[in-house]
Amino acid sequence: MKTIRKNLLVALLAGASAFTGLVQAQDFKIGIVNTDRILRDSNVAKAAQAKLESEFLKREKDLNEAISSFKASAEKFERDAPTLAETQRVAKQKQLIEQDRDLKRRQREFQEDLGARKNEENQMLFEKAGRAVKQVAESEKYDLVLQDAAYFNPKHDITEKVIKALNASVGK
């Protein structure tokens, strides 16, 4: 008889615990944030992109002009090489090799500098977005906010709210 009571008590406690878990789960508020949309659609991201473009536009244009000039010189050399004297051909070939090496170095430096600046701007954006997520989560009493879930019900998507909060914080 004692074991039946004990088993009944354990079953009741387990059922009550499960019921309490269900009640708590219903009160648990989850939000999901899509960082790609924040990086693409927020005013802060657009401003950062415009800043980078203006900062690197002249340098990119100069580099593209140098590449076009090199290609034209290389094509001219290919056409003229058979008629050039051996010493002129070798000298022009060395000059083109140096130009090519210089262009590759400049391209690499450009890509490295651009990448570093993008990382800096993205880091600042992530910090601002993190503050906006926290602001939305606290003001709307979310218990958990996840980033970039593989699947989620769209009713949990708070990305638009975060973008609005982020855009509003820019004006301050």
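**View 1. Phe56 is tucked away inside the model.** Phe56 is buried, with a relative accessible area of 7% (buried means under 20%, exposed over 50% and partly exposed in between, using a 1.4 Å probe and protein chains only). Phe110 counts as buried too, at 5% relative accessibility. What you're looking at is a predicted model, where local features need pLDDT of at least 70, side-chain atom pairs count only at pLDDT 80 or more, and totals for chains, interfaces and linings use all residues. Residues are numbered from 1 along each chain as its sequence is written, and side-chain values use heavy atoms, with hydrogens and water left out.

**View 2. Here is the one aromatic pair of the structure.** Rings of Phe, Tyr and Trp (its six-membered ring) pair if their centres lie within 6.5 Å; planes under 30 degrees apart are stacked, over 60 edge-to-face, and the rest tilted. Phe56 and Phe110 come out edge-to-face, with 5.8 Å centre to centre and 80° between the planes. They link distant parts of the chain, 54 residues apart: Phe56 belongs to helix α3 (residues 43-80) and Phe110 to helix α4 (residues 86-139). Helices (H or I, at least four residues) and strands (E, at least two) are DSSP runs, numbered from the N terminus.

**View 3. Lys29 lies over the face of Tyr142.** Lys29 is 4.6 Å from the ring centre; a charge sits over a ring if NZ of Lys or CZ of Arg is within 6 Å of the ring centre and within 35 degrees of the ring normal.

**View 4. Zoom back out to the protein chain.** Five helices and two strands make up its secondary structure, running α-β-α-α-α-β-α from the N terminus on. Of its 172 residues, 22% count as buried.
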